[in-house]
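Reader: Please take a close look at the pockets in this model and tell me what lines them.

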Amino acid sequence: LKHCDPNDNGLHADCLCGLGDVFHKRFQGSAHSNEINTSVSYYRDALALCDPYSHRQYVMLVGLSVALLSRVDQSGSEDDIEEMINYNCCALELSPPAHPDRAIALGNSGNGLLARFQQFGKMEDLETAVEYLYQSINDLPASHRLRMVMLNSFAYAKMIHLDRTGKWEDLNEAIMRLREAV
């Protein structure tokens with residue numbers, strides 16, 4: 001950070017985001033909670049420096065929500081789930097229909113709602129998660145690097161939906177999407 005000009009909020013935010021990224025990556029390799037906590041802290045600091053309604057703010061919101069999802073996977077914190085969903089909603093607002101980033105925002109929102117469903121069992125969260133993930137995979141080009149991740153998330157959500165509803169067509173769709181992923 002010593003090379004980031006503290007008077008240039010955009011550059012300073014980018015540097016903080018970079019630190020958030022590397023601590024998140026380190027957490028993925030170690031699963032130490034202090035790493036993900038540090039990542040979340042850097043993302044929050046970066047977000048605070050962003051101009052409202054900017055692409056930079058969108059990037060920070062996505063980074064922070066993904067880091068929070070990782071922390072939720074480890075801790076199951078209700079506060080983290082609600083904060084993550086809030087940031088995902090903000091990212092969706094910054095990416096209206098036909099915006100190139102919308103598919104990622106939809107997928108992240110779907111994964112956040114799926115995490116909340118798994119924690120609290122509210123069927124509305126599962127239904128909305130399936131809808132958002134479906135929109136995400138339909139909006140992502142076949143060559144997009146995250147399409148496989150979203151296909152997998154959608155298939156997982158459909159399998160959970162099958163368990164809750166007994167609708168066997170969910171299983172067929174999950175199989176179809178997983179085949180598409182590989």
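Author: What follows describes the pockets and their linings. This is a predicted model, in which local features need pLDDT of at least 70, side-chain atom pairs count only at pLDDT 80 or more, and totals for chains, interfaces and linings use all residues. Residues are numbered from 1 along each chain as its sequence is written, and side-chain values use heavy atoms, with hydrogens and water left out.

The largest pocket holds about 560 Å³ of space. A pocket here is an open set of points on a 1 Å grid over the protein atoms alone, where a 1.4 Å probe fits, with protein on both sides within 12 Å along at least five of seven lines; lining residues have an atom within 4 Å of a point. The volume is the space filled by probe spheres set on the points, which are joined across faces, edges and corners.

The largest pocket is lined by 27 residues, and Val62, Ile104, Asn108, Leu146 and Met150 are the closest to its centre. At least two lining residues come from each of H3 (55-75), H4 (78-93), H5 (102-120) and H7 (147-165), with H3 giving the largest share, 7 residues. Helices are DSSP runs (H or I, at least four residues), numbered from the N terminus. By class, this lining of the largest pocket has 15 nonpolar, 8 polar and 4 charged residues. Ala, Val, Leu, Ile, Met, Phe, Trp, Tyr, Cys and Pro count as nonpolar, Asp, Glu, Lys and Arg as charged, and the others, Gly among them, as polar.

The second largest pocket holds about 180 Å³. Its lining includes Asp21, His24, Tyr43 and Val62, and H1 (9-30) supplies the largest share, 4 residues.
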